[in-house]
Amino acid sequence: MADKHGRPIRSSKGFNWYWRLLATGFAFSSFGLGGLLLAITIFPAMMIILRDRAKRRKYAQFVICRGFRLFTWMLDVTGVAVAQTENIERLRSARGALIIANHPTLLDVVMILAQMDRCQCVVKHELFRNPFMAGVVSAAGFIRNNDDPKNLISQARDHLATGACILIFPEGTRTPSRRKLGQLQRGVANIAIETQVDLIPVVVHCNHDTLKKGVPWYRIPPSKIRFRLVVDAPLSFGDIADPTLSRAKQARLLTRIIKDYYLDRLTHDFAGNRT
């Protein structure tokens, strides 16, 4: 904002802003320490008690989803962030589907998984070297995205065949600041072509342009972060694919369809202009 002479107006920071700054710092610290605590207590115990690897991963994912639910409750009661949902039962009842979502903030995966009992995720390979998160993503058997398309598709096919759902962000990373959608990668399209499963779109709306890549946690928005997670009807692979095309052209077509879908659903989303 600016005054009548074009000079920027400094907004005053009251008690609520300083409280949310303190609560945000506490939340990030709790998140990291919570992940480390799970990695040195519950997950090793599971290794001893549950010898079946698939069953152990399911329980680990359940623990993670419940942990995220507790974390989001804490964000809400402290005034940091809250999420509203629409048609969330579509996620909870899904089996063997790809769950895709736009990725406006750092908290998207937490907000989505907090609504579920278990789910597979495609995560960046750097997380497997993060001292706070490595134990968590390893115990859950999350799919490591190490820029090897064949490995990614192979792992996804195996998990989908067991009826598991896989959460993946088509952008591959967070949406750039002040944009509605980043450049889409072809990982989702390649997995869909290989497995021919349906896609369940989750549209993530956020009222602030915050928690972007490279933005420090202490640069908090002027008010509570409000997410709205809208789960749309599944996109049938048969309806959006064209088997007469070559594999590469099919991947480009599916990626363009997903991009147009999200741009249309985010038409009235002006989060990038609010903070």
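Helix 8 has these buried residues: V188, A189, N190, I191, A192, I193 and T195. Buried here means under 20% relative accessible area, exposed means over 50%, and partly exposed is in between (1.4 Å probe, protein chains only). Keep in mind that this is a predicted model, where local features need pLDDT of at least 70, side-chain atom pairs count only at pLDDT 80 or more, and totals for chains, interfaces and linings use all residues. Residues are numbered from 1 along each chain as its sequence is written, and side-chain values use heavy atoms, with hydrogens and water left out.

**Around helix 8**

- Helix 8 spans residues 187-195 and is mostly covered, with seven of its nine residues buried.
- Helices (H or I, at least four residues) and strands (E, at least two) are DSSP runs, numbered from the N terminus.
- The buried part of helix 8 packs against several elements, including strand 2 (98-101), helix 7 (149-161), strand 6 (199-206) and helix 10 (247-265); contact means heavy atoms within 4.5 Å.
- Just past the end of helix 8 comes Q196, which takes a positive phi of about 55°.

**The nonpolar cores**

- A nonpolar core is a set of buried Ala, Val, Leu, Ile, Met, Phe, Trp, Tyr and Cys residues joined through side-chain atoms within 4.5 Å.
- The largest one holds 48 residues, and L91, I99, I112 and V202 touch the most other members.
- Helix 3 (residues 53-77) gives this core its largest share, seven residues.
- Setting aside residues up to four places away in sequence, L91 touches I99, I112, M116, I200, V202 and V231.
- There is also a second, separate core of 30 residues, with I168, V203, L235 and I258 among them.

- The unreviewed UniProt entry marks residues 17-50 as "transmembrane region"; UniProt positions are given in the numbering used here, feature names are shortened, and annotations may be inferred rather than shown by experiment.
- In the model, residues 17-50 are 94% helix and 0% strand, and the end C-alpha atoms lie 46 Å apart.
- L33 sits in helix 1 (residues 15-40) and is exposed, with a relative accessible area of 53%.

**A buried lysine**

- K212 is found in the loop between strand 6 and strand 7 (225-231).
- K212 is buried, at a relative accessible area of 6%.
- Apart from neighbours within four places in sequence, K212 is in contact with P104, R174, T175, P176 and S177.
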